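Okay, thanks for coming, everyone.

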Amino acid sequence: MSGRTDSDTQDGIRTDAIEAHDTDTDPDIDIDIDSTDDMPRPDSDAANADAAADGDVDSGEDEYAGEDARQARWTAAGTGALLTLAGLAAALLRLTGPAPALVPAAYALGAAVCALAALLGSRGRTRRALWLLIAGVMVMAVGDQLD
């Protein structure tokens, strides 16, 4: 073993093959290798576009559309529920402490906004739920700054 990695040997093999190809030209065989580069290959995007225009190829995006939507709903609902619980717990902790009354109110309001986001997320309104989650966390952050 020489101790060289595969990436080190690839360059040596490639240059050896190019040198062998340049020295082994046979005048009887006339193959123009460069002329096949502009032909579409079966795995190329142009071939797939032509087949899709004919209706032969399914893009595969429809296969995962339902799964992605379900995952987005679960994520929005779960994140909203988690932030709601965190906001309510923070509001209860701040309510029992010496903090001003505005601080637990801000946490409770942020928790309510996150609860609304969880409800909207479970019903499929994931974009609105995301924005409400951001707004709810921002309201809770304002409550944290008031403390």
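So, a term to begin with: a salt bridge is a side-chain nitrogen of Lys or Arg within 4 Å of a carboxyl oxygen of Asp or Glu. Bear in mind that this is a predicted model, where local features need pLDDT of at least 70, side-chain atom pairs count only at pLDDT 80 or more, and totals for chains, interfaces and linings use all residues. Residues are numbered from 1 along each chain as its sequence is written, and side-chain values use heavy atoms, with hydrogens and water left out.

Searching the whole structure turns up one salt bridge. Arg94 pairs with Asp144, with 3.6 Å between the closest N and O atoms. That ties together distant parts of the chain, 50 residues apart: Arg94 sits in helix H3 and Asp144 in helix H5. (Helices are DSSP runs of H or I, at least four residues, and strands are runs of E, at least two, numbered from the N terminus.) Arg94 is partly exposed at 28% relative accessible area, and Asp144 is partly exposed at 37%; buried means under 20%, exposed over 50%, partly exposed in between, with a 1.4 Å probe and protein chains only.

Now, how confident is the predictor? On pLDDT, its per-residue confidence from 0 to 100, the chain averages 77, and 57% of the residues score at least 70. Helix H2, residues 45–54, is lowest with a mean of 52, while H4 is highest at 96.

Last one: Ala129. Beyond its neighbours within four places in sequence, Ala129 contacts Ala76, Ala117, Leu120 and Gly121, contact being heavy atoms within 4.5 Å.

Methods:
pLDDT = per-residue confidence, 0-100.
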